[in-house]
Amino acid sequence: MTNITFHGGVNDIGGNKFLVEDKGTKILMDFGMSFSDEGKFFSQFMNARTSNSLADYFELGILPKIPGLYRTDIAKHVGFGGDEATEINGVLLTHAHVDHCKYVSYLRPDIPIYCSEASKLIMQNYDETGNTDQYLTLKERFQIYTNKKGEISRAQGDPRKIQVFEDGKKFSIDSIEVEPLPVDHSLPGVDAFILHTSAGSIANTGDLRFHGRREKDTAKFVERCGESSLDLILCEGTRIAETQSMTEYDVETISTKIINETKELVICGYPIRDLDRLMSFYLAARLILVICILHLRINQLKFSFQEENGV
Ligand SMILES: [Zn+2]
């Protein structure tokens, strides 16, 4: 028998934390932040207390009370065990948007995180540019060491077990076989999953879309679902009811037109890691540049012709 417990992501946008249990194997699909839950209690300058964050998140029902899941330093500090063995065999990440991965920072470093190479790099970027994020390396909050010379220093950091998978290449986490399949989204390195368990097959669509530059990836995933005799599909959707949607190519065309019709400076804004959108603006700007150069060249030729012919 296979069980799925939804610790987040139901009737919500993101915040996914799906616990799948099969023959003693326990895996979490995503461990993300719910914008609506955090928005109810916190704001930009008012967050969960740093050292007591787990106590705050438990009290407010934001994180599930699963023994052996959380980093030992904070779990011990708030009196939630810390010495017990973990029962979680791994965390499968669909992608590195915070509503799918934010709370990885709270996990024990010995729980393997399975993700794409791009997701790993994006999490590394969070670690290197953020203040407190600890996606790839955990730094113990309370541990202080004294070396032989009597010098005191903090722990250097404990790297998490990051297992990078290859798109389309199946792998196993104990009794569960995982098929990671790339899908189109506003971030690189996004995968949907098909899980083959002892009781049947489950698909998790991740944040897929059909209107970006990699729509063929999404179509392939749908095809693969059709071939897989699925018993269950876990599907994300914020615009499922909409019958029409603007594609990334439409954004590029409209941007080109706007730039062409604007005499002075054009400023654009977009989510920082949406490389598809960056590409749309880049291609629009490049096309305008090519048109400007062509105009300049034609004018130069006209001028030379007039000079040579004394017109
Ligand atoms: Zn997303």
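**Entry 1. Histidine 185 and the zinc ion**

I began with His185, which counts as buried at 11% relative accessibility. I note that the model is a predicted one. I then looked up the zinc ion and found that His185 coordinates it through NE2.

I next asked what arrangement the 4 donor atoms form around the zinc ion. They subtend angles of 91 to 164°, which makes the arrangement irregular. A tetrahedral site would need all angles to lie between 85 and 135 degrees.

I also recorded the spacing of the donor residues in sequence, which reads H-x1-H-x87-H-x21-D. His95 sits in the loop between β4 (90–92) and α4 (98–101), and His185 in the loop between β12 (176–182) and β13 (191–197); the pair therefore ties together parts that are 90 residues apart in sequence.

**Entry 2. Histidine 196**

I moved on to strand β13, where I located His196. Is His196 buried or exposed? Its relative accessibility is 18%, so His196 counts as buried, since the cut-off for buried is under 20%.

I then compared sequence and space for His196 and Ser175: they are 21 residues apart in sequence, and their C-alpha atoms lie 8.8 Å apart. Setting aside neighbours within four places in sequence, I found His196 in contact with Ser175, Ile176, Glu177, Glu179 and Ser201.

**Entry 3. Helix α6**

I looked up helix α6, which covers residues 215–227. Its 13 residues reach 19 Å from the first C-alpha to the last, close to the 18 Å expected at 1.5 Å a residue.

Which residues of α6 are buried? I found Thr218, Phe221 and Cys225. Seen down the axis of α6, the buried residues fall within an arc of 55°, so they line one face of the helix. What covers them includes β12, β13 and β14 (200–204). On the other side of α6, I listed Lys216, Lys220, Glu223, Gly226 and Glu227 as exposed. After the helix comes Ser229, whose phi is positive, near 45°.

**Entry 4. Helix α7**

I repeated the length check on helix α7 (residues 248–261). At 1.5 Å a residue its 14 residues should span 20 Å, and the end C-alpha atoms are 20 Å apart, which agrees.

The buried residues I noted in α7 are Glu248, Val251, Glu252, Ser255 and Thr256. They cover an arc of only 135° around the axis, which puts them on the same side of α7. The face turned away from this buried side carries the exposed residues Thr253, Lys257, Asn260 and Glu261.

**Entry 5. Nonpolar cores**

Finally, I asked how many residues the largest nonpolar core has. It has 44 residues, and those with the most contacts inside it are Leu69 and Tyr70. At least two residues of this core come from each of α2 (53–59), α3 (72–77), β5 (113–115), α5 (117–129), β13 and α6.

I followed the contacts of Tyr70, leaving out residues up to four places away in sequence. Among them are Phe31, Leu54, Phe58, Leu63, Pro64 and Arg108.

How values were computed
Residues are numbered from 1 along each chain as its sequence is written. This is a predicted model: local features need pLDDT of at least 70, side-chain atom pairs count only at pLDDT 80 or more; totals for chains, interfaces and linings use all residues. Side-chain values use heavy atoms; hydrogens and water are left out. Donors are N, O and S atoms within 2.8 Å of the metal (3.2 Å for Na, K and Ca); water is not among the atoms, so sites may look incomplete. Four donors count as tetrahedral if all angles lie between 85 and 135 degrees; four count as square planar and six as octahedral if opposite donors are over 155 degrees apart and all others between 65 and 115; anything else is irregular. Helices (H or I, at least four residues) and strands (E, at least two) are DSSP runs, numbered from the N terminus. Buried means under 20% relative accessible area, exposed over 50%, partly exposed in between (1.4 Å probe, protein chains only). The expected span of a helix is 1.5 Å times one less than its number of residues. The arc is that of the directions from the helix axis to the C-beta atoms. Contact means heavy atoms within 4.5 Å. A nonpolar core is a set of buried Ala, Val, Leu, Ile, Met, Phe, Trp, Tyr and Cys residues joined through side-chain atoms within 4.5 Å.
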